[in-house]
Amino acid sequence: MTDGQAMGRALERAREVLGTTAPNPSVGAVIVRDGQVVGEGATQPCGGPHAEIMALRDAEARGADVRGATMFVTLEPCCHHGRTPPCTEALLAAGLGRVVVGVTDPHPLVRGKGLQQLRDAGVEVTTGVQREGCAELILGFARSVVRGLPEVTVKVAASLDGHLATASGESQWITSEAARQHGRRLRATHDAILVGIGTVLADDPRLTARMEGASDPVPVVLDTHLRIPASAKLLATGQAVVICGEDAPERQLSAQVVRVPVGEDGRVRLEEALRQVAARGLHRVLVEGGGEVVRSFVDARVFDTLQLYLAGMMLPGGTPWVGGPPLGRLADAPRLERIGMEAVGPDVALTWRAVHRAQDPLAGLEG
């Protein structure tokens, strides 16, 4: 088994727990001895063991001797006391001979210190294996640490001619059950689902993952004037975050009400709203708003990925999935590069990465 193959397996373990580990990043770890995997694990929900500890426990359960073995971990092991003890201490106590790391942890309490602690103890350390995949996996965490902002994916289900609904507002269902199931899996990998107040008033959604065994993301609502009904279904768990303007009326709601400045357009300032989301440990945000909300993210250039589901249906005169006034110049158009395309039942799922994405928050770090 090559280093790249072993790290690829660690990435698989990490992807399996996306959406369940906030505010911690999703990390995977694999222990290899004599070319064979003898232990593997992933980060547990907040307060639980990190990936490295889970891999060591798995190896112990298998009866494997890890002394002198190699651990592959997607993110630098922590070296400080937080909710859990330092992972570096556990790795040293286990007697591992080599540790291979995908990317360095950008958090100021770690940021290369874990690597140095291992090296100082005589452990061979290799970095940068499968760096791109490992960095992509923790983009939200890294950006929140470096810039105070989350990773944002905009999700849209539309007709071939670019509409969310008919002119009368009918939208259930444009895409197939297969596409909706695909979208529910996407929900389960995010920490939060964000919508505008218009979606809440029109549809009264629960914004749950609706998948057995999946963690439900935290609902986030952009509601400048705090109009959300106290009976809204997404408030049922008491975990929702409602972001309103500083002058919105005082109300008692089963939610965290967060006040932010309002921009010249009369809406809450989007970047400040996202900072408040990231500050709550919600690093991966899925936007499922209507056309106006999508347009606000497009104009502000604060989204990273567009997940677009296209159905074999045309709705002339319907509601466009990008709202707002027409764009006058091609030079002002946001550019995206396609990074994925697959058939989902009778529909097509297209994944696009925004070219305007901010500089790599891990730039300058080892690996």
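This is a predicted model: local features need pLDDT of at least 70, side-chain atom pairs count only at pLDDT 80 or more; totals for chains, interfaces and linings use all residues.

Tutor: One term to begin with. Buried means under 20% relative accessible area, exposed means over 50%, and partly exposed is in between, using a 1.4 Å probe and protein chains only. Helices (H or I, at least four residues) and strands (E, at least two) are DSSP runs, numbered from the N terminus.

Student: Which residues of helix α10 are buried?

Tutor: In α10, residues 291–300, they are Gly291, Val293, Val294, Arg295, Phe297 and Val298.

Student: New topic, cores. How many residues does the largest nonpolar core have?

Tutor: It has 43 residues. A nonpolar core is a set of buried Ala, Val, Leu, Ile, Met, Phe, Trp, Tyr and Cys residues joined through side-chain atoms within 4.5 Å. Ile31, Val66 and Met71 have the most contacts inside the largest one. Helix α1, residues 3–16, gives the largest share of this core, five residues. Another core lies apart from it, with 34 residues, including Leu194 and Ile243.

Student: What does Met71 touch?

Tutor: Contact means heavy atoms within 4.5 Å. Leaving out residues up to four places away in sequence, Met71 touches a list that includes Ala29, Val30, Ile31, Glu52, Leu56 and Leu91.

Student: And Thr70, where is that?

Tutor: Thr70 is in strand β3, residues 70–75. Thr70 counts as buried because its relative accessible area is 13%. Beyond neighbours within four places in sequence, Thr70 contacts Val30, Ile31, Val32, Arg98 and Val100.

Student: Helices now. How do α2 and α3 cross?

Tutor: The axes of α2 (residues 51–61) and α3 come within 9 Å and cross at roughly 25°. Axes are lines fitted to C-alpha atoms, for helices over the stretch in contact, and angles run from 0 to 180 degrees between N-to-C directions. So α2 and α3 are roughly parallel to each other. Angles under 35 degrees count as roughly parallel, over 145 as roughly antiparallel, 65 to 115 as roughly perpendicular and the rest as oblique.

Student: Which residues of α2 and α3 meet?

Tutor: Glu52, Ile53 and Leu56 of α2 meet Cys87, Ala90, Leu91 and Ala94 of α3. By class, this contact has six nonpolar, no polar and one charged residues. Here Ala, Val, Leu, Ile, Met, Phe, Trp, Tyr, Cys and Pro count as nonpolar, Asp, Glu, Lys and Arg as charged, and the others, Gly among them, as polar.

Student: What about α3 and α4?

Tutor: α3 (residues 87–94) and α4 (residues 113–120) pack at about 20°, with axes 10 Å apart. That makes α3 roughly parallel to α4. Thr88, Glu89, Leu91 and Leu92 of α3 make the contact with Gly114, Gln117 and Leu118 of α4. Those residues divide into three nonpolar, three polar and one charged.

Student: Is Asp120 buried or exposed?

Tutor: Asp120 lies in α4. Asp120 counts as exposed, because its relative accessibility is 60%.

Student: Where are Asp204 and Leu226?

Tutor: Asp204 is in the loop between α8 (197–203) and β9 (218–222). Leu226 is in the loop between β9 and β10 (241–245). Phi is positive at Asp204, near 45°, and also at Leu226, about 50°. Asp204 is partly exposed, with a relative accessible area of 26%, whereas Leu226 is buried at 3%.

Student: Last one, Ile193. Buried or exposed?

Tutor: Buried, with a relative accessible area of 0%. Ile193 lies in strand β8, residues 192–196. Beyond neighbours within four places in sequence, the contacts of Ile193 include Leu207, Val218 and Leu286.

Definitions and conventions:
Residues are numbered from 1 along each chain as its sequence is written. Side-chain values use heavy atoms; hydrogens and water are left out.
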